[in-house]
Amino acid sequence: MSLSQIAYEKILEYIITGKYKPGSTLKEEELASLLKISRTPIREALVRLEKEGVIVKNGKSFTVIPLTESDILQLYEVRINLESLAAKLAAIRASQDEINKLINVLNEIKESANADPLTLANLNGNLHRIIAEASHNKYIADILDSIRLKLKIVRVTLFTSFQRRDDEFREHESIVIAIKNRSPDLAYDMMRMHEEKVLEYVKQSILPVLFR
């Protein structure tokens, strides 16, 4: 494993476990000293995390996405409604190619059940992105893209729980089946139930770690 990869995984672990909370500043020199790794791999890891939406550039340093607990809850209030509507519209408007993409991503998620949290977060995010695009409402898709990026840390942390991984797959499977079967009301209900369960898990198991 390269030093850049080691640095990347350790910094992400620090963020997920709450060592560096939302709004915390990350400095190359401090991280290099902490991890006993030269600054070049640290810099590469930070640039990668920035591209993934976990941190943002702030002058010569980086900042963990500065969301408050209230911000996260408000984002989920919006997301629940838009994701549910997107699933309903997708069941009506999705092309066969889009349905095939959903099935393929679902299978990929199943095969990656033991993958690292970031990989699973990205795969599940891709599933939601395809559903939003299949709604054929560009405003829904754009807004949900923005929300998913802001919630990146929360979404990655979600997959540190193996129980939640299993639940996520079953819930996503029911949504995809409803869309495939052209059942808009069921797709809406399954997505809403899924997002509400995610929010409950976030309240109980993630926010206390991020903001303790």
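**A close look**

Mentor: Apart from its neighbours within four places in sequence, Lys-21 is in contact with Val-64, Val-209, Leu-210, Phe-211 and Arg-212. Bear in mind that this is a predicted model. Lys-21 sits in the loop that runs between α1 (3-16) and β1 (25-26). Its side chain reaches the backbone oxygen of Val-209, at 3.3 Å. Pro-66 is 45 residues away from Lys-21 in sequence, yet their C-alpha atoms are 8.3 Å apart in space.

Now the helix. Helix α6 covers residues 117-134. Its 18 residues, at 1.5 Å a residue, should span 26 Å, and the end C-alpha atoms are 26 Å apart, so the two values agree. At the start of α6, a side-chain oxygen of Asp-116 comes to within 3.2 Å of the backbone nitrogen of Leu-118. Leu-118 is itself buried. Other buried residues of α6 include Leu-120, Ala-121, Leu-123, Asn-124, Leu-127, His-128, Ile-130 and Ile-131. When reading such a list, recall that an α-helix has 3.6 residues a turn, so residues three or four places apart point the same way. Just after α6, His-136 takes a positive phi of about 55°.

Terms used: Residues numbered from 1 in each chain as written. Predicted model: local features only at pLDDT ≥ 70, side-chain atom pairs only at ≥ 80, totals over all residues. Heavy atoms only, no water. Helix = DSSP H or I, 4+ residues; strand = E, 2+ residues; numbered from the N terminus. Expected span 1.5 Å × (residues − 1). Buried < 20%, exposed > 50% of the residue type's maximum accessible area, 1.4 Å probe, protein only. Polar contact = N/O pair within 3.5 Å; in protein donor to acceptor, adjacent residues only side chain to side chain. Contact = heavy atoms within 4.5 Å.
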